[in-house]
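Subject: Structure for your files

Dear colleague,

Here is the structure I said I would pass on. My notes on it follow below.

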Amino acid sequence: LDELEVDSGTGFVVATFVLTDDYRARLPVSLQYFGEEGLIAIRGVLQPAGYTNYRVNVNGPSPGRGLVSRFGSARSVEGGPIEWLAP
């Protein structure tokens, strides 16, 4: 986990994972599965504290200063189902 924050504008708990090319090549599951399982784990810990909106960003190394290489995001809003958002 590279970053965990609560977005004050949206109320989303946002977790960001930055996966190196080497780590991604050895990952035994899809990036979607990785993001969704990360969301389930984070939601399981934080839900008792009253949080209801979650997003897990699955990123690659930055291609340059100020740029993000996003593989996708898993999102759950108001306790609803988990969605996978492709970039």
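The secondary structure consists of two helices and five strands, in the order β-β-α-α-β-β-β from the N terminus. The radius of gyration is 13 Å, close to the 12 Å that the globule rule gives for 87 residues, so the protein is as compact as a globular protein of that length. Please keep in mind that this is a predicted model.

On overall dimensions, the C-alpha atoms fill a box of roughly 35 × 30 × 20 Å along the principal axes. Of the 87 residues, 30% count as buried. The accessible surface is about 5,300 Å², and carbon and sulfur atoms make up 52% of that area. Among contacts with a separation of 6 or more, 45% are between residues 24 or more positions apart.

As for charge, there are 7 positive and 10 negative side chains. The centres of these two sets lie 4 Å apart.

One residue I looked at in detail is N57, which sits in strand β3 (residues 54–60). Is N57 buried or exposed? Its relative accessible area is 3%, and because the cut-off for buried is under 20%, N57 counts as buried.

The side chain of N57 makes two polar contacts that I noted. One is with the side chain of T16, at 3.4 Å; another, of 2.8 Å, joins N57 to the side chain of S73. Setting aside neighbours within four places in sequence, N57 is in contact with V14, A15, T16, F17, R70, G72 and S73.

Regards

Note on methods:
Residues numbered from 1 in each chain as written. Predicted model: local features only at pLDDT ≥ 70, side-chain atom pairs only at ≥ 80, totals over all residues. Heavy atoms only, no water. Helix = DSSP H or I, 4+ residues; strand = E, 2+ residues; numbered from the N terminus. Rg over C-alpha atoms; globule rule 2.2 N^0.38 Å. Buried < 20%, exposed > 50% of the residue type's maximum accessible area, 1.4 Å probe, protein only. Contact = heavy atoms within 4.5 Å. Areas by Shrake-Rupley, 256 points an atom, 1.4 Å probe, with all protein chains shown as cover. Lys, Arg positive; Asp, Glu negative; His and termini not counted. Charge placed at Lys NZ, Arg CZ, Asp CG, Glu CD. Polar contact = N/O pair within 3.5 Å; in protein donor to acceptor, adjacent residues only side chain to side chain.
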